[in-house]
Amino acid sequence: MHEWALAEAVVRTASQIAEEKGLTEITEVNIRLGELQQVDAEIFKFALSQLKTQKLAEAKFNIRKAKAKLRCRACNYEWAFFKDDLDEDAKEAIHFVPEVAHAFLKCPKCGSHDFEVVSGRGVWIESVKGLKSHE
Amino acid sequence: MSDPRVSLISERLRNIHRIIAVSSGKGGVGKSLVASVLALTLARRGVKVGLFDIDFTSPASHVILGISGAQPKEKKGIVPPVVHGLKYMSIIYYARDRASPLRGADFSNALIELLAVTVWGKLDFLVIDMPPGISDATLDILRLIRRAEFLVVTTPSRLAFETVRKFIDLLLELNVPVLGVIENMKMTNSNFIRREVEKRSVKFWGEIPFDKNLEESIGNAEKLLSTEFGKALKRMTTENLDLG
C-alpha cells in the first residue's frame with residue numbers, strides 16, 4: 001500500500017530530526033494528514049506501528065487531519081475539496097500524486113485549472129518531541 | 001514543519017548503479033527520443049534499466065515506446081511495470097490523457113512524491129527523461145539526486161545551442177558530471193557543435209543524422225531500434241557507457 005511508503009518516510013524523518021536534536025528517545029511525533037491525498041489513517045497508523053525503530057518504541061503518533069482548501073490563481077476564489085465530487089479513477093490518481101488534481105479539478109467559479117493548494121495537500125511532520133540522555 | 005518524503009529518496013535510489021538525466025536547455029531537440037531509445041538499447045544489452053519520464057506537463061516517452069495499458073503495482077510503495085524489458089514510470093498512469101498544468105512548486109511536489117514512493121529495486125541504469133529548460137526540473141534533480149550524470153542533447157541549430165551552451169556551462173560550474181553531448185538531427189557537415197563541446201572538455205558522443213523515417217517508427221520499439229537514429233544511438237551507447 002502507498003500508506004506504507006508514507007509511513008516509512010515519517011519514521012525515517014522523525015529519526016533524523018531526533019538525531020539533529022540530540023534526542024535519545026522519541027516520545028511524540030505530531031503528524032498532519034492532508035485531506036487531498038486521502039491517506040487511509042488506519043492503514044497509515046498500522047504501518048507506523050510496524051515500522052517504528054527502537055528510538056520510536058514508546059513514541060505516540062498524534063495524527064491531525066487537515067481540510068484541503070484550494071484557491072484559484074485566476075480569480076482568487078477559495079473552495080474546499082470534496083472527494084465525493086470525483087470518480088474513483090480521479091480519487092485514486094490524486095491519492096498517489098496529489099498534483100494531478102490540476103488535471104481533474106477546476107475552479108468552480110471561473111473554470112481555471114490554475115489553483116493553489118492552500119492547505120491539506122499530504123503528509124507533514126509538525127513536530128518531534130523526546131528525551132535527551134540527561135533528562 | 002518537515003516534509004518526510006525527501007528523506008526517503010536516497011533510500012529508493014540506493015540500489016541504482018548509475019542515473020543518467022537526458023536533458024537540454026532547449027525543447028524539441030529529441031530528448032525524449034534519446035532517453036527512450038537509450039533505455040531500450042540498454043535493456044536489449046541485458047542490463048537492468050529503468051526509464052522515468054519527468055516531463056510531467058508534456059510526457060511523450062509512452063507514445064515513443066507505444067506503452068498503453070500498463071499500470072504500476074502497490075507494494076509498500078509503487079512498483080513500476082516492466083515494459084519492453086525496462087521498468088517504466090510516468091505521470092500518465094495518474095493524469096491519464098488529460099493536460100496537467102503545473103506551476104513550479106507543484107512540479108517539485110509531484111517529483112518528490114514519485115521519487116519517494118517509487119520502488120525501483122536493483123538497477124544498473126536509471127534513465128530520466130527531463131523536461132526542457134533550466135528551471136524547476138533541472139534544479140530539483142541537482143538538489144535531490146546529486147549523483148545524476150547529465151547527457152545533453154542539442155540540434156545543430158545555433159538557436160538551440162545558444163541555450164544548450166549556457167546549460168552545459170552551468171552544469172560545469174556546479175561540478176555536475178556531464179556525460180556527453182549528442183548532436184541530433186544533423187543535416188550538414190558543420191563542426192560547430194563538436195568544436196564548442198570539445199572546447200569545454202566535454203565528451204562529444206557524436207551526431208545523429210536527421211532521419212526522415214523516424215516518425216513512422218514512433219510507437220514501435222523494434223522499428224525504432226532499426227532506424228538510423230536507433231543504430232547511431234546504439235553505437236554511441238557501446239562507445240561511451242561501460243556495459244561490462
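This is a predicted model: local features need pLDDT of at least 70, side-chain atom pairs count only at pLDDT 80 or more; totals for chains, interfaces and linings use all residues.
1. Salt bridges overall. The count over all chains comes to 31 salt bridges.

2. A pair inside chain A. A:Glu126 and A:Arg32 form a salt bridge, with 3.9 Å between the closest N and O atoms. The cut-off is 4 Å. A:Glu126 sits in strand E6 (residues 123-131) of chain A and A:Arg32 in strand E1 (residues 25-34) of chain A, so this pair links parts that lie 94 residues apart in sequence.

3. Area of the A/B interface. An interface's size is often quoted as the accessible area lost when the parts come together. Here chain A and chain B bury about 2,900 Å² between them. Carbon and sulfur atoms account for 61% of that area. On the chain B side, the residues that lose the most area to chain A are B:Met1, B:Pro4 and B:Tyr94. Together they make up 21% of what that side buries.

4. Residues in contact. Chain A gives 33 residues to the contact, and chain B gives 30.

5. Side chains of opposite charge can pair when their charged atoms come close. Between chain B and chain A there are five salt bridges. A:Asp114 and B:Arg103 meet through their side chains in a salt bridge, at 2.6 Å from N to O. Polar contacts join twelve residue pairs between chain B and chain A, with both residues at pLDDT 80 or more.

6. What chain B presents to chain A. Three helices of chain B each give two or more residues to this side: H1 (6-12), H4 (92-95) and H5 (104-117). H5(B) has the largest share, with six residues. By class, this side of chain B holds 13 nonpolar, twelve charged and five polar residues.

7. The largest pocket. Its space is about 350 Å³. The lining has 22 residues. Which of them are closest to the centre? They are B:Val29, B:Gly30, B:Leu33, B:Asn184 and B:Met185.

8. Make-up of the pocket lining. Helix H2 (31-44), strand E9 (178-186) and strand E10 (204-209) of chain B each supply at least two lining residues of the largest pocket. H2(B) provides the largest share, three residues. The lining divides into twelve nonpolar, five polar and five charged residues.

Notes
Residues are numbered from 1 along each chain as its sequence is written. Chains are lettered from A and ligands numbered from 1 in the order in which they are written. Side-chain values use heavy atoms; hydrogens and water are left out. Contact means heavy atoms within 4.5 Å. Buried area is the accessible area (1.4 Å probe) that two parts lose on being put together, summed over both. A polar contact is a pair of N or O atoms within 3.5 Å; within protein, one must be able to donate a hydrogen and the other to accept it, and residues adjacent in sequence count only if both atoms are side-chain atoms. Helices (H or I, at least four residues) and strands (E, at least two) are DSSP runs, numbered from the N terminus. Ala, Val, Leu, Ile, Met, Phe, Trp, Tyr, Cys and Pro count as nonpolar, Asp, Glu, Lys and Arg as charged, and the others, Gly among them, as polar. On a 1 Å grid over the protein atoms alone, a cavity is a set of points where a 1.4 Å probe fits but cannot get out, and a pocket is an open set with protein on both sides within 12 Å along at least five of seven lines; lining residues have an atom within 4 Å of a point. Grid points are joined across faces, edges and corners, and a volume is the space filled by probe spheres set on the points.
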